[in-house]
Number of protein chains: 2
Amino acid sequence: MQTFTELNMPVRLLMGPGPSEIPPRVLRAMATPLVGHLDPEFLTLMDEIKSLLQSVFRTKNEMTLAISATGSAGMEACFVNLLEPGDEVLIGVNGVFGGRMVDVAQRAGAKVHRVDAPWGKIIEPSQIAEALKKCKPKVVAVVHAETSTGVRQPLEEIGKLSHDAGALFLVDAVTSLGGIDVRVDDWRIDAIYSGTQKCLSCPPGLSPVSFSPSALEVIKNRKTKCQSWYLDVSMLGTYWGTERVYHHTAPITMLYALRESLRLVVEEGMENRFARHQGNHELLREGLESLGCKFLVDPQYRLPELNTVFVPPGVDEAQVRKRLLDEYSIEIGGGLGDLKGKIWRIGLMGASSTPNHVNALLGALSAIL
Amino acid sequence: MQTFTELNMPVRLLMGPGPSEIPPRVLRAMATPLVGHLDPEFLTLMDEIKSLLQSVFRTKNEMTLAISATGSAGMEACFVNLLEPGDEVLIGVNGVFGGRMVDVAQRAGAKVHRVDAPWGKIIEPSQIAEALKKCKPKVVAVVHAETSTGVRQPLEEIGKLSHDAGALFLVDAVTSLGGIDVRVDDWRIDAIYSGTQKCLSCPPGLSPVSFSPSALEVIKNRKTKCQSWYLDVSMLGTYWGTERVYHHTAPITMLYALRESLRLVVEEGMENRFARHQGNHELLREGLESLGCKFLVDPQYRLPELNTVFVPPGVDEAQVRKRLLDEYSIEIGGGLGDLKGKIWRIGLMGASSTPNHVNALLGALSAIL
């Protein structure tokens with residue numbers, strides 16, 4: 001029988017596309033002994049998390065909670081609750097996660113219309129407007145922060161177009177929440193999902209979601225049951241709501257962690273947090289440009305928390321990442337899809353967004369290049 | 001704006017139907033800083049977890065991994081991967097979790113045949129044999145350890161009947177794994193799921209699963225895509241396998257915890273662990289019987305890790321549980337469904353299975369009753 005030694009993981013500077021580093025207070029929260037998931041003290045904690053998520057999402061939506069699985073399950077929860085077989089959906093695809101939306105929606109039996117933009121570009125609102133002349137979708141979906149490309153998608157205009165066309169507006173905020181502004185109510189987003197392991201600096205394992213009253217009305221009027229029992233929002237709502245109807249067992253430790261990470265966001269202040277992300281992005285940008293790295297994304301659409309730059313000509317990008325990991329214990333990400341081998345993805349998310357991270361990476365990169 | 005104080009959870013003796021208490025080594029493992037989920041060191045850790053799960057499931061199944069969500073998602077993963085719309089499935093229902101299987105299978109578009117037994121009784125193999133004369137299911141599914149009733153379902157004979165009828169054999173081992181023997185290969189189980197928060201004494205958030213080569217063959221030959229992107233075993237297999245194709249972001253901290261909890265299981269030794277669960281069950285049984293509590297389940301089918309006893313006549317069961325929690329910080333469970341108000345469910349799972357837990361509860365109960 002194979003033997004297994006004590007857990008002995010290296011200490012990394014996490015500057016990839018996620019996970020980000022975890023603040024000590026969040027790590028400590030996870031070492032807290034459990035209470036039961038129906039313990040009155042735990043129900044209070046769920047209420048607190050709901051309230052904290054409402055603050056961070058900037059929403060009054062009652063149906064705001066954390067799905068007990070990672071961000072991709074949050075995506076699936078949004079689609080399978082809003083869509084029934086045969087429903088039409090319009091999806092903007094300009095990276096991996098828009099593509100994933102298409103796959104998820106098709107598995108829900110929906111008829112998918114897609115609007116494509118080159119990876120590294122935004123979906124233009126005019127493209128959505130054009131598409132809405134040719135179909136009448138129940139839902140329009142876009143990715144706010146494309147983790148595969150580093151593009152920040154403007155949302156307000158697409159939201160307005162969607163509502164004018166009688167559609168619900170669905171947004172992927174996995175890599176935006178806690179790093180750049182996400183305004184669910186102001187931007188009239190009907191369904192939104194995020195992840196914990198990006199700008200919230202909490203380990204992966206939960207997906208914060210929020211549904212507007214309009215979205216809930218659609219869910220209430222479904223003709224068929226939601227195809228997923230685990231992700232059925234109507235049941236999750238009675239577990240997280242005042243009824244406390246047992247559904248599944250919530251991942252208690254992860255919720256301890258999420259509460260602490262949200263508390264840190266609120267303590268820092270949202271505006272301060274966004275300014276920090278922006279400032280460290282600018283520091284990194286200057287340094288990378290002086291090393292000859294060009295950005296993939298136009299300045300006005302760059303995500304400060306996820307910097308995508310072309311690998312300088314003649315450089316073996318995988319070798320550089322390997323040396324960063326082996327010699328400096330720094331993780332950055334490579335490109336996906338067509339961008340594989342062509343770009344690096346450098347995350348400055350949550351606790352990983354500090355000048356020290358930036359300077360450490362720039363020092364290591366300039367030594368290697 | 002509401003303020004949120006430091007996390008300050010009470011210390012409980014967890015003797016309900018799960019979660020169980022978490023050993024200090026597992027709690028400490030969760031305070032470990034993260035590495036990336038595609039870090040070479042993390043891939044090694046995933047391999048180790050697979051190997052440890054194979055030991056604990058007593059299987060050589062290559063497709064053995066942890067679903068990145070709780071036990072109910074493991075249930076859903078088994079059903080939605082094996083079943084396609086229109087497929088027939090035979091499900092044994094003698095408690096909440098058999099009933100949940102029916103709901104999950106129906107949401108997958110399957111035609112469900114059910115065999116019912118009273119809550120607290122086993123599904124008799126003769127019932128399955130009889131049902132198999134009238135239908136030709138693709139899958140036969142039963143619950144090994146019914147958390148709602150405390151019944152241990154014998155599996156071997158039903159497994160044989162299923163295979164003889166050309167069906168795959170699917171088992172819920174949420175509350176059995178790590179507490180009583182589960183022999184995937186010897187009992188020819190084709191698909192099995194468990195949870196981490198019961199006899200493995202790891203926090204909730206992951207679902208260990210295993211699929212036999214026959215099950216994988218069925219999955220490979222599906223005509224339709226699995227309806228769940230998140231739970232699609234063919235994609236999870238390439239993430240957990242040597243290909244390491246990015247799927248979702250694994251819940252890194254939870255996997256640190258699972259590795260440590262499995263290491264504790266292996267260090268203790270499976271047989272020793274089962275004997276410990278049995279011994280503490282007997283200690284509890286003697287004490288409860290001397291307090292006038294009668295067991296719901298016949299002796300030969302009792303789960304040592306989940307003891308279900310009738311509330312003595314004239315006792316307000318909810319009040320007793322409230323006093324146990326408020327005055328002794330002990331959690332036990334109440335009944336579900338028709339058994340609500342009639343039984344207590346007392347868990348002695350994993351780290352919660354000690355003579356000290358038993359004696360503490362018996363002392364508290366005799367003071368209250």
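Guide: Domain bounds come from an automatic or database domain assignment. The model under discussion is a predicted one.

Visitor: How far apart are the centres of domain 1 of chain A and domain 2 of chain A?

Guide: The assignment divides chain A into domain 1 (13-18 + 269-368) and domain 2 (24-266). Taken over C-alpha atoms, the centres of these two domains of chain A are separated by 26 Å.

Visitor: Which elements give two or more residues to the side of domain 1 of chain A that touches domain 2 of chain A?

Guide: The contact between the domains takes 23 residues from domain 1 of chain A and 22 residues from domain 2 of chain A. On the domain 1 side, these residues divide into 12 nonpolar, six polar and five charged. The elements that give two or more residues to that side are α10 (270-290) and β11 of chain A.

Visitor: Which radius of gyration does chain A have, and why does it agree with that of a compact globule?

Guide: Along its principal axes, the C-alpha trace of chain A spans about 60 × 55 × 50 Å. A compact globule with 369 residues would have a radius of gyration near 21 Å, and chain A agrees because its own value is 21 Å.

Visitor: What percentage of the residues in chain A are buried?

Guide: Chain A contains 12 helices and 14 strands. Of its contacts with a separation of 6 or more, 72% are accounted for by residues 24 or more positions apart. A residue counts as buried if 20 or more other C-beta atoms lie within 10 Å of its own. Among the 369 residues of chain A, the buried share is 55%.

Visitor: Which strands stand at the edges of the open sheet of three strands in chain A?

Guide: The order in this sheet is β11-β14-β13 (chain A), and the pairing is antiparallel. Each edge strand has a single partner strand, so one side of each is left without a neighbour in the sheet; these strands are β11 (306-310) and β13 (333-334) of chain A.

Visitor: How many residues of β14(A) are buried?

Guide: In a regular strand the side chains alternate between the two faces of the sheet. I343(A), R345(A) and G347(A) lie on one side of β14(A), with W344(A) and I346(A) on the other, and both faces are covered. The strand β14(A) is largely enclosed by the rest of the structure because its buried residues number five of the five.

Visitor: In chain B, which residue stands opposite L170(B) in β9(B)?

Guide: Strand β8 (residues 168-172) of chain B is mostly covered, five of its five residues being buried. L168(B), L170(B) and D172(B) point one way from β8(B), whereas F169(B) and V171(B) point the other way. β8(B) pairs in the parallel sense with β5 (residues 139-143) of chain B over five bridges, and with β9 (residues 191-193) of chain B over three bridges. In β9(B), the residue opposite L170(B) is A191(B).

Visitor: In β8(B), which residue is the bridge partner of V140(B)?

Guide: Strands of a sheet pair through backbone hydrogen bonds, either parallel or antiparallel. The pairing of β5(B) with β8(B) is in the parallel sense. The bridge partner of V140(B) in β8(B) is F169(B).

Visitor: Which element supplies the largest share of the side of chain A that touches chain B?

Guide: The contact between the chains takes 59 residues from chain A and 59 residues from chain B. At least two residues each come from α1 (24-30), α2 (40-57), α3 (71-82), α4 (96-107) and α9 (252-268) of chain A. On this side of chain A, the residues divide into 28 nonpolar, 17 polar and 14 charged. The largest share, seven residues, comes from α9(A).

Visitor: In chain A, which residue has the C-alpha nearest the axis that relates the two copies?

Guide: A rotation of 180 degrees with 0.0 Å of shift along its axis superposes chain A on chain B, with an RMSD of 0.0 Å. The two copies are therefore related as by a two-fold rotation axis. At 2.5 Å from the axis, the nearest C-alpha in chain A is that of A69(A).

Definitions and conventions. Residues are numbered from 1 along each chain as its sequence is written. Chains are lettered from A and ligands numbered from 1 in the order in which they are written. This is a predicted model: local features need pLDDT of at least 70, side-chain atom pairs count only at pLDDT 80 or more; totals for chains, interfaces and linings use all residues. Two residues are in contact if their C-beta atoms, placed from the backbone, lie within 7 Å. Helices (H or I, at least four residues) and strands (E, at least two) are DSSP runs, numbered from the N terminus. Ala, Val, Leu, Ile, Met, Phe, Trp, Tyr, Cys and Pro count as nonpolar, Asp, Glu, Lys and Arg as charged, and the others, Gly among them, as polar. The radius of gyration is taken over C-alpha atoms; the globule rule is 2.2 Å times the number of residues to the power 0.38. A residue is buried if 20 or more other C-beta atoms lie within 10 Å of its own, exposed if 12 or fewer, and partly exposed in between; C-beta atoms are placed from the backbone. Two strands pair if DSSP finds at least two bridges between them. Copies are superposed by least squares on the C-alpha atoms of residues with pLDDT of at least 70 in both.
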